[in-house]
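Trainee: I would like to learn how to read a protein model, feature by feature. Could we look at one together?

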Amino acid sequence: PAILLGKIDMRILKLEFENLNSLKGFWSIDFTNPDYAKNHDIFVISGPTGAGKTTILDAITLALYGKTPRLQAINNGEGGNEIMTRGTGFCRAKVTYSCKKGLYVSEFQQNRAGLKPEGRLQKATCLISKENGEQLFTGTGSLLAEETQKIVQLDYNQFCRSIMLAQGEFSTFLKSGSRERAEIRSEER
């Protein structure tokens, strides 16, 4: 999907994730697949409640910012991880994207000790690299958000408000007055 807002020009090319929420195992969506071009790069995420629709959006924000709209912070070993699929020893989200500054890969990963479901939760690791493999950042979720903001020119809140509408917030967006929309637009500049 392409994101074109003011000075923001971002295209998510590929999403890969494992063991997030109800979606156990490995999942991959290649947005460069020619089938999406047939529909002018427009697609619908649909399915019954609990099928994992919002998990796809969670995976994108998790890989880019180390957190999700539904779960404001991943606890980094301080009391749990609400997004890791129960009964698994690790989770990860990886997104490949292009923007005005180039082609990037961002990844979030968190493990339990020994990769065992009952193992103690370890701190999350995050990285950003150029598509050619050159690592630009390795660190924690809070620093990941700062580095992503430098690259895509949107902080986490701006990204969520103008790009990702979390489940249940679409009606809020539709009911927003011109002032609220103007604030989002001014933040983009």
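This is a predicted model: local features need pLDDT of at least 70, side-chain atom pairs count only at pLDDT 80 or more; totals for chains, interfaces and linings use all residues.

Trainee: How many helices and strands does the secondary structure of the protein chain come to?

Mentor: Helices (H or I, at least four residues) and strands (E, at least two) are DSSP runs, numbered from the N terminus. Here the protein chain has six helices and seven strands, and from the N terminus on the elements run β-β-β-α-α-β-β-β-β-α-α-α-α.

Trainee: What percentage of the residues of the protein chain count as buried?

Mentor: A residue is buried under 20% relative accessible area, exposed over 50%, and partly exposed in between, using a 1.4 Å probe and protein chains only. By that rule, 40% of the 189 residues of the protein chain count as buried.

Trainee: Which residues of the largest nonpolar core touch the most other members?

Mentor: A nonpolar core is a set of buried Ala, Val, Leu, Ile, Met, Phe, Trp, Tyr and Cys residues joined through side-chain atoms within 4.5 Å. The largest one holds 38 residues, and those that touch the most other members are Leu15, Phe17, Leu20, Leu64, Tyr65 and Tyr97. Among the elements that each supply at least two residues of this core are β2, β3 (23-30), β6 (125-130) and α3 (141-152), while the largest share, seven residues, comes from α2.

Trainee: What does Leu64 touch, not counting residues up to four places away in sequence?

Mentor: Contact means heavy atoms within 4.5 Å. With that sequence limit, Leu64 touches Met10, Val95, Tyr97, Ser106, Leu144, Thr148 and Phe159.

Trainee: How many aromatic pairs does the count come to?

Mentor: Rings of Phe, Tyr and Trp (its six-membered ring) pair if their centres lie within 6.5 Å, and planes under 30 degrees apart count as stacked, over 60 as edge-to-face and the rest as tilted. The count comes to three aromatic pairs. The rings of Tyr65 and Tyr156 have their centres 5.6 Å apart and their planes at 70°, so this pair is edge-to-face. Because Tyr65 lies in helix α2 and Tyr156 in helix α4, the pair ties together parts that are 91 residues apart in sequence. Both Tyr65 and Tyr156 are buried. In another pair, the rings of Tyr97 and Tyr104 have centres 5.8 Å apart and planes at 25°, so that pair is stacked. Tyr97 is buried at 0% relative accessibility, and Tyr104 is buried at 6%. Tyr65, Tyr156 and Phe159 form one aromatic cluster.

Trainee: How many salt bridges does a search of the whole structure find?

Mentor: A salt bridge is a side-chain nitrogen of Lys or Arg within 4 Å of a carboxyl oxygen of Asp or Glu. The search finds six. In one of them, the side chains of Lys14 and Glu16 meet at 3.6 Å, N to O; Lys14 is partly exposed, with a relative accessible area of 31%, whereas Glu16 is buried at 13%. Lys94 also forms a salt bridge with Glu16, with the closest N and O atoms 3.8 Å apart. This pair links distant parts of the chain, as Lys94 is in strand β4 (residues 90-99) and Glu16 is in strand β2 (residues 8-20), 78 residues apart. A further salt bridge joins the side chains of Arg92 and Glu107 at 3.3 Å, N to O. Arg92 lies in strand β4 and Glu107 in strand β5 (residues 102-111), 15 residues apart. Arg92 is buried at 13% relative accessible area, and Glu107 is buried at 15%. Through shared partners, salt bridges join Lys14, Glu16 and Lys94 into one network.

Trainee: Where does Thr68 lie, and is Thr68 buried or exposed?

Mentor: Thr68 lies in the loop between α2 and β4 and counts as buried, at 0% relative accessibility. Thr68 and Asp58 are 10 residues apart in sequence and 5.3 Å apart in space, C-alpha to C-alpha.

Trainee: How many disulfides does a search of the whole structure find?

Mentor: A disulfide is a covalent bond between the sulfur atoms of two cysteines. The cut-off used is a pair of cysteine sulfur atoms within 2.5 Å, and the search finds zero disulfides. Cys91 is buried at 0% relative accessibility, and Cys126 is buried at 1%.

Key
Residues are numbered from 1 along each chain as its sequence is written. Side-chain values use heavy atoms; hydrogens and water are left out.
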